[in-house]
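The entries follow in the order of my look-ups.

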Amino acid sequence: HADSLTEVNTAKEALTEIETNMEAFKADYDNYMALVNQAAELRPGDNPFTLYTPDQITSLYNEVQQLIPIRHSTLASEEQNQNSREDIRKQFAAAADEFHNWWVDTTTKIKAASNVDVTGVLEDQVAAAHKMQEDIEAYNNEHLPQIEAISKQMEAEIILENPHTSHTMENLRGKYYQVIKQAQAIETDIKNQITVRDANNITPE
């Protein structure tokens, strides 16, 4: 099992090297079998000077030959798996970065809205602040569940690292709570100003 495409590629390179060396192994094997046949002609029976019998050597040689295509198949499957995992990482990164960019833009709008225009109509500013909250909630409700779904895929695949982004689900949820609380605070502040104004019968003029 590999944990990344890099590991798969390293394993594929090692397998390619083994395949390249198999040509030399075959030549050595053929020479060995030729010597075995010569020794058998000169002295039938087992060779007391070797640890392995010709049958054992042949069995090992054949086993290696059979394992190579199996290893190819295993690595191909693992490569497909790692490509799928990489796609999930990239999907999360793209969605998280888009959410972050929205947060940056929204933070800028909130900062501008927090500068209450005391000469303007406060009721209009309350309505604008409330509309901002609705926009924030609408964006969050549309996009965050989608990112959550990708995050759960990552958890299911046990993907612990994502080199494509530094954002996490906790980080993104925190960004949402930050801007919604700030927008709510603006609306509350303006409503308080309206209460003070009405209590003192103050008009914009």
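I looked up helix H1 (residues 5–42) and H2 first: their axes come within 10 Å and cross at roughly 165°. Axes are lines fitted to C-alpha atoms over the stretch in contact, with angles from 0 to 180 degrees between N-to-C directions; helices are DSSP runs (H or I, at least four residues), numbered from the N terminus. H1 is therefore roughly antiparallel to H2 (angles over 145 degrees count so, and those under 35 as roughly parallel).

I noted that the model is predicted, that local features need pLDDT of at least 70, and that side-chain atom pairs count only at pLDDT 80 or more, whereas totals for chains, interfaces and linings use all residues. Residues are numbered from 1 along each chain as its sequence is written, and side-chain values use heavy atoms, without hydrogens and water.

By class, the contact of H1 with H2 has 17 nonpolar, six polar and six charged residues. I counted Ala, Val, Leu, Ile, Met, Phe, Trp, Tyr, Cys and Pro as nonpolar, Asp, Glu, Lys and Arg as charged, and the others, Gly among them, as polar.

I then turned to helix H2 (residues 54–113) and helix H4 (residues 169–200), which pack at about 20° with axes 10 Å apart. H2 and H4 are therefore roughly parallel. Their contact (heavy atoms within 4.5 Å) includes Phe92, Phe99 and Trp103 of H2 and Leu172, Tyr176 and Ile186 of H4. By class, this contact has 13 nonpolar, five polar and one charged residues.

Technical notes
Helix = DSSP H or I, 4+ residues; strand = E, 2+ residues; numbered from the N terminus. Parallel < 35°, antiparallel > 145°, perpendicular 65-115°, else oblique.
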